[in-house]
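Subject: Structure handover

Hello,

Here is the structure I promised to pass on. Please open it first, then read my notes below.

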Amino acid sequence: MSAPTGGSSKPSLWSEGGVSANLVLGDAKDVSFGRAQTSFMNINGTSQYAKQPMRFTASLGNSEAAQAVKAKGQPLYIYAATKLLMETVDKGKPGVKTGGVSLEGTACEGYRFVLHPGNNYSVDIYAEPKIRIRSTTRADTIIGRYSSDWAATRVEAFSDVIAIRSKPFMVVEYGDRYINAVNYGPAVAVTRDFDKACTLKQSKEAFKSKGNRKNRSGNIVQSAPRAPR
């Protein structure tokens, strides 16, 4: 993914030795089962879960631009996309399922955070969220019997730095309208592939708005850029 335009920090922060983010998975463990049943369409479902260890890290490297940021004690506001990709087999047919990453109890497809002298320009979060690795469903529908039985064969994790800013920002989908906050820089526009953004708990204070800019007509509402064609 390429960096969005408009208000970005120096390009060299995107190169080697700049800002990096990584999401690494460990071996799944502690398999458990769940069952659901409803009278509506006689739906019966069984799910298999596992704890999936994962570690998310992000840091500012030692490039020339990075060293200049550290020397000034300048904070950097970051948005990194995160995603789980699961290869599956459903009744013999291969498939793919994608989902958000749960580092702090909520599945997110991207995280906002700040790198600054107080955290030594790095974050390191370990989590063991429960993920579904198999699902079997049976149901009686008006067109006949429905069944699904998929199982995960492989799980991969992805993370990519989407935005580096010198001020806090909002994350909005391409084309969405938003209220421009007083101490925020330009909004970061993302596709619907990464539409649910969360803020790491340790960075929530850094992303607090001082209020919304207003004019005689009320709040100034802007629109994010349209999605590229």
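A polar contact is a pair of N or O atoms within 3.5 Å; within protein, one must be able to donate a hydrogen and the other to accept it, and residues adjacent in sequence count only if both atoms are side-chain atoms. By that rule, the side chain of Asp-149 makes a polar contact with the side chain of Arg-134, at 3.0 Å. The side chain of Asp-149 also makes one with the side chain of Thr-136, at 3.1 Å.

Two notes on the source. This is a predicted model: local features need pLDDT of at least 70, side-chain atom pairs count only at pLDDT 80 or more, and totals for chains, interfaces and linings use all residues. Residues are numbered from 1 along each chain as its sequence is written, and side-chain values use heavy atoms, with hydrogens and water left out.

**Overview**

The chain has one helix and 19 strands. Both are DSSP runs, numbered from the N terminus: helices are H or I with at least four residues, strands are E with at least two. The chain holds 229 residues, and 39% of them are buried. Buried means under 20% relative accessible area, exposed means over 50%, and partly exposed is in between (1.4 Å probe, protein chains only). Take the contacts with a separation of 6 or more: 74% of them join residues 24 or more positions apart. Contact means heavy atoms within 4.5 Å.

**Back to Asp-149**

Asp-149 sits in strand S12, residues 144-165. Leaving aside neighbours within four places in sequence, Asp-149 is in contact with Val-89, Asp-90, Lys-91, Arg-134, Ser-135 and Thr-136. From Asp-149 to Ser-47 is 102 residues in sequence, and 9.7 Å in space, C-alpha to C-alpha.

**A three-stranded sheet**

Three strands form an open sheet in the order S1-S4-S10, with antiparallel pairing. Its edge strands are S1 (19-25) and S10 (122-127), each pairing on one side only. Neighbouring strands of this sheet are turned by 5 degrees against each other on average, direction ignored. For that angle, axes are lines fitted to C-alpha atoms (for helices, over the stretch in contact), and angles run from 0 to 180 degrees between N-to-C directions. Two strands pair if DSSP finds at least two bridges between them. S4 (residues 54-60) and S10 pair over six bridges. Arg-55 has Tyr-126 in S10 as its bridge partner.

**Aromatic pairs**

How many aromatic pairs are there? The count is four. Rings of Phe, Tyr and Trp (its six-membered ring) pair if their centres lie within 6.5 Å; planes under 30 degrees apart count as stacked, over 60 as edge-to-face and the rest as tilted. Phe-56 and Tyr-111 form a tilted pair, 6.4 Å centre to centre, with 40 degrees between the planes. Phe-56 lies in strand S4 and Tyr-111 in strand S9 (residues 110-115), so the pair ties together parts 55 residues apart in sequence. Both Phe-56 and Tyr-111 are buried. Tyr-77 and Phe-207 have ring centres 5.6 Å apart and planes at 85 degrees, so this pair is edge-to-face. Tyr-77 is in strand S5 (residues 76-90) and Phe-207 in the loop between S16 and strand S17 (214-215), so parts 130 residues apart in sequence are tied together. Tyr-77 is buried at 12% relative accessibility, and Phe-207 is buried at 4%. Phe-56, Tyr-111 and Phe-113 form one aromatic cluster.

**Thr-199**

Thr-199 lies in strand S16, residues 198-199. Its relative accessible area is 15%, so Thr-199 is buried. The side chain of Thr-199 makes a polar contact with that of Arg-112, at 2.9 Å. Beyond neighbours within four places in sequence, its contacts are Glu-104, Arg-112, Lys-204 and Phe-207.

Most residues other than glycine have a negative phi. Asp-30 is not a glycine, yet its phi is positive, about 55 degrees. Asp-30 lies in strand S2 (residues 29-38) and is partly exposed, with a relative accessible area of 49%. Tyr-121, also not a glycine, has a positive phi of about 55 degrees. Tyr-121 is in the loop between S9 and S10. Its relative accessible area is 5%, so Tyr-121 is buried.

Best wishes
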